[in-house]
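Please open the structure in a viewer and keep the selection panel at hand.

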Amino acid sequence: MSNAVATPKKGGFLAGTANYLDERVGVAGILKEFGRKVFPDHWSFMLGEVALYSFLVILLSGTFLTFFFQPSMEFVIYDGVYGPLKGAEMSIAYASTLDISFEVRGGLLMRQVHHWSALLFVAAAGLHMLRVFFTGAFRKPREINWLVGFVLFVLGMAGGFTGYSLPDDLLSGNGLRIIDGMIKGIPVIGAYGSSLLFGGEFPGETIVARLYGLHILLVPALILIFIVIHLFMVVIHKHTHYSGPGRKDTNVVGYPLMPVYVAKAGGFFFIVFGVIMLIAATFTINPVWNYGGYDPSPVSAGTQPDWYIGWLDGALRLAPTHLEFVVGGYTWSWNILLPMIVGIGFLIIVALYPFIEAWVTGDKREHHVLDRPRNAPTRTAIGAAGVTFYAVLWAGAATDLIATNFKMSLNQVLTFMQIFLIVGPILAFIIAKRTCLALQRKDRSIALHGRESGRIVRLPHGEYIEVHEPLDEFEQWKLVDFKDYQPTLARPNAAGKITIRARLRAALSRFYFEDRIAPVTQTEIEQAHHHGDHAEIEAK
Amino acid sequence: MALKKNRRSPLAAIIVMAAGLALTGGGYAAATAAVEAVKPVTAAATAEQVTEGKKLFLANCASCHGKNAEGTKAAPSLIGVGAASVEFQVATGRMPGQASGPQLEKKKVQFTTEQIEQLSAFVATLGEGPAIPTDAMVAPNGDSTRGGELFRINCAMCHNAVGAGGALTEGKYAPALKGVSERHIYEAMVTGPQNMPVFNDANLTPQDKKDIITYLKYVEETPSVGGYELANLGPVVEGLFTWVFVLGFIIAITIWLGAKSN
């Protein structure tokens with residue numbers, strides 16, 4: 001008796017299309033699932049978005065550039081419009097870059113859009129990582145997504161570097177020479193590795209074409225795949241939110257994707273695009289015509305990589321010299337190996353940090369409410385130390401510019417940075433931790449006694465008191481809603497032995513949670529209110 | 001007899017050595033002569049200029065460089081530095097030096113053009129050295145492509161590929177070349193002031209120097225095609241700009257967007 005024939009509903013074009021799509025690909029279900037995803041609102045949640053949008057801009061402008069760029073190292077004599085290179089010997093890659101800059105309509109703008117958005121992409125991704133780190137957003141269940149994001153950051157660096165080397169100008173060639181030197185610095189396999197990469201002796205005739213393949217195919221494909229995984233996991237995990245009344249580890253408070261965030265994010269994309277266009281149209285970036293075609297003999301002063309490779313360049317500059325020795329005919333060049341070990345080691349620590357912290361706390365709960373950085377003093381301090389370490393390496397890449405612009409001795413700048421690379425993070429750790437603890441104490445006192453109002457009242461018996469204004473409950477919630485940990489003790493295992501692992505874990509736990517300010521409890525608040533009421537009454 | 005025929009005369013070695021010595025020595029002499037030959041002609045200086053120059057020298061320079069310009073512990077000898085050296089140092093304000101330091105700074109010029117000519121004329125009489133180049137020699141009408149290539153090979157390692165300057169050891173530096181006059185660029189090349197090496201005419205011919213000047217002036221005078229240059233200091237400034245201004249601007253926007261709905 002059932003009527004199997006679907007009766008098409010009457011409606012306009014939109015409804016008709018929607019129905020058409022729904023019957024074939026189930027759009028309604030998808031929309032219901034995704035459109036009702038709730039995202040909380042906070043400016044710091046948009047940093048990853050900035051990275052995503054700059055990546056889209058990179059894709060668009062990069063596609064334009066591929067129409068005109070020729071990744072060939074074939075020899076050519078330049079016959080374009082740029083005067084001081086007319087008649088110069090160069091590679092086709094460099095000549096086509098010059099043509100893009102001077103002769104292709106909109107070419108220079110697109111080159112500058114591509115380069116500025118690349119710098120912005122990695123910068124926004126880095127800042128996004130810092131936000132995730134300092135708010136503890138990497139905790140269960142998001143450890144793996146942290147790793148995915150980390151891979152994206154490294155891929156961003158790889159994409160940037162392979163692109164930096166394509167124009168085959170003096171600057172990029174110098175950069176490649178440094179990479180060549182680093183590869184050759186690896187014991188035993190170094191020379192083979194370099195030969196393999198460059199197809200023979202540096203610079204060879206193939207490197208630009210090879211890097212081009214990586215730059216326009218493999219790296220962007222990987223970035224896209226990892227972005228998809230990254231966003232997919234955000235959907236699975238749901239977004240984190242900052243603590244506030246009604247915000248729990250079991251819910252997400254915010255607005256739905258449809259229509260609020262679709263509109264907002266769409267608009268934001270155009271804003272980011274617009275900012276990049278504005279910058280690219282007004283500020284020169286990488287004026288390759290100034291550097292000339294690559295020739296292995298000249299090395300210009302002020303040769304630096306783009307900012308995201310700067311910290312590795314800095315590591316090379318800050319490495320102590322004379323650390324070489326020869327074993328069995330192989331040179332162990334520690335002034336190259338040491339920076340590489342430091343760089344890779346730093347990246348590994350960054351990648352594994354969520355797992356390290358999870359092991360120390362032993363916390364298996366899911367966390368969807370973010371920490372305020374001050375409420376995790378040791379983590380914040382570790383982050384500050386890491387940032388300082390990175391920043392010193394980064395500044396290390398600019399020692400020459402720092403020396404000339406601030407009228408200092410290059411040698412002293414270098415020595416200072418070598419020392420500060422070790423001392424700086426320790427100082428940053430101590431300062432950040434103490435600051436966090438002090439802020440926690442302040443929060444605690446505000447939560448219990450309210451804010452200082454600046455109103456001084458003299459009591460009948462002559463005592464002066466300052467009236468504290470109690471917080472409203474919404475404000476107070478933000479100050480008291482956090483979990484904290486207590487240091488754990490090393491406990492014997494089933495066999496009754498305290499393993500080294502357990503001891504290490506206990507030691508780390510002590511390191512993390514020895515200094516702690518306990519969150520305000522309900523009892524304390526009630527007591528304080530009681531006390532506060534008295535003060536209020538007496539004040540009146 | 002056959003044996004004897006093939007034997008070298010005992011004098012052979014001596015002859016070969018003598019020939020070798022004559023060749024290298026003569027070659028050196030000839031090369032030096034060639035270098036001398038391409039030296040610019042010394043501009044004729046009047047006796048009056050020399051006398052006045054000597055007075056100026058005794059009053060302003062002798063306390064460090066010695067009464068006979070023979071040099072002291074504080075300053076080098078000026079015998080044989082040539083008029084070009086004096087013109088460069090004094091007309092850029094580097095001399096007379098104000099304070100000892102890693103390097104003498106460019107500052108306000110202390111003498112009039114006439115006085116500088118007199119000083120140069122006097123120092124030029126102390127011993128032969130590079131003369132002040134003529135206007136034709138420094139005119140920026142050479143080959144800028146060649147000049148750019150020569151600049152990158154010979155100068156860019158200290159002065160940066162576009163002459164934005166760079167750091168040397170212990171607080172010394174290669175100054176930026178923007179705004180340096182053609183003549184001073186030429187004089188710096190032939191005299192090698194302070195930490196700069198000398199690029200004599202055998203190393204860079206007068207035509208090479210002219211080409212380099214042409215390149216530098218082209219870069220200086222051609223407006224940047226891509227927009228503001230950010231001091232031409234390369235990726236460090238670009239990175240700094242990205243973090244401070246681009247990202248700063250975008251964060252300001254995120255804060256605005258985040259605040260709207262709250």
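The stops below begin with one chain as a whole, continue to the interface, and end with individual residues and their partners. The model is a predicted one, and local features are described only where pLDDT is at least 70.

**First stop: chain B as a whole**

The chain has 12 helices and two strands. Followed from the N terminus, its elements run α-α-α-α-α-α-α-α-α-β-β-α-α-α. Chain B contains 262 residues, and 40% of them count as buried.

**Second stop: helix 5 of chain B**

Select residues 82-91 of chain B, which form helix 5. How many of its 10 residues are buried? The count is 10 of 10, and the helix is mostly covered. The buried residues include Glu87(B), Phe88(B) and Gln89(B), as well as Gly82(B) and Ala91(B). Then move past the end of helix 5 to Gly93(B), which follows the helix and has a positive phi, near 85°.

Select Glu52(B) and Lys55(B) and show their side chains. The two residues form a salt bridge, in which the closest N and O atoms are 3.3 Å apart. Both lie in helix 3 (residues 47-60) of chain B, and because they are three residues apart, about one helical turn separates them. In an α-helix there are 3.6 residues a turn, so residues three or four places apart point the same way. The two partners can also be viewed against the surface: Glu52(B) is partly exposed at 28% relative accessibility, whereas Lys55(B) is exposed at 53%.

Display both chains together. Here 65 residues of chain A are in contact with 51 residues of chain B. The size of an interface is often given as the accessible area lost when the parts come together. For chain A and chain B the buried area is about 4700 Å², and carbon and sulfur atoms give 70% of it. On the side of chain A, select Trp43(A), Pro84(A) and Asn290(A): these lose the most area to chain B, together 12% of what that side buries.

Which helices of chain A each supply at least two residues to this side? They are helix 3 (47-66), helix 5 (107-134), helix 7 (170-185), helix 10 (257-282), helix 14 (399-405) and helix 15 (410-449). Helix 10 of chain A gives the most, with nine residues. Coloured by residue class, the side of chain A that touches chain B divides into 43 nonpolar, 15 polar and seven charged residues.

Polar links across the interface may then be displayed. The rule finds 15 residue pairs in polar contact there, with both residues at pLDDT 80 or more, but zero salt bridges across the same interface.

Select Thr135(A), in the loop between helix 5 and helix 6 (143-164) of chain A. Is this residue buried or exposed? Thr135(A) counts as buried because its relative accessible area is 4%, under the 20% cut-off. Beyond its neighbours within four places in sequence, Thr135(A) is in contact with Tyr242(A), Leu370(A), Asp371(A) and Arg379(A).

Keep Asp371(A) and Arg379(A) selected. Their side chains meet in a salt bridge (3.1 Å, N to O), and both residues are buried.

Finally, select Arg434(A) and Asp515(A), whose side chains meet in a salt bridge (3.2 Å, N to O). The partners are 81 residues apart: Arg434(A) belongs to helix 15 of chain A, and Asp515(A) to the loop between helix 17 (500-513) and helix 18 (522-539). Arg434(A) is partly exposed at 45% relative accessibility, and Asp515(A) is partly exposed at 29%. Over all chains, the count of salt bridges by this rule comes to 26.

Technical notes:
Residues are numbered from 1 along each chain as its sequence is written. Chains are lettered from A and ligands numbered from 1 in the order in which they are written. Side-chain values use heavy atoms; hydrogens and water are left out. Contact means heavy atoms within 4.5 Å. Buried area is the accessible area (1.4 Å probe) that two parts lose on being put together, summed over both. A salt bridge is a side-chain nitrogen of Lys or Arg within 4 Å of a carboxyl oxygen of Asp or Glu. A polar contact is a pair of N or O atoms within 3.5 Å; within protein, one must be able to donate a hydrogen and the other to accept it, and residues adjacent in sequence count only if both atoms are side-chain atoms. Helices (H or I, at least four residues) and strands (E, at least two) are DSSP runs, numbered from the N terminus. Ala, Val, Leu, Ile, Met, Phe, Trp, Tyr, Cys and Pro count as nonpolar, Asp, Glu, Lys and Arg as charged, and the others, Gly among them, as polar. Buried means under 20% relative accessible area, exposed over 50%, partly exposed in between (1.4 Å probe, protein chains only).
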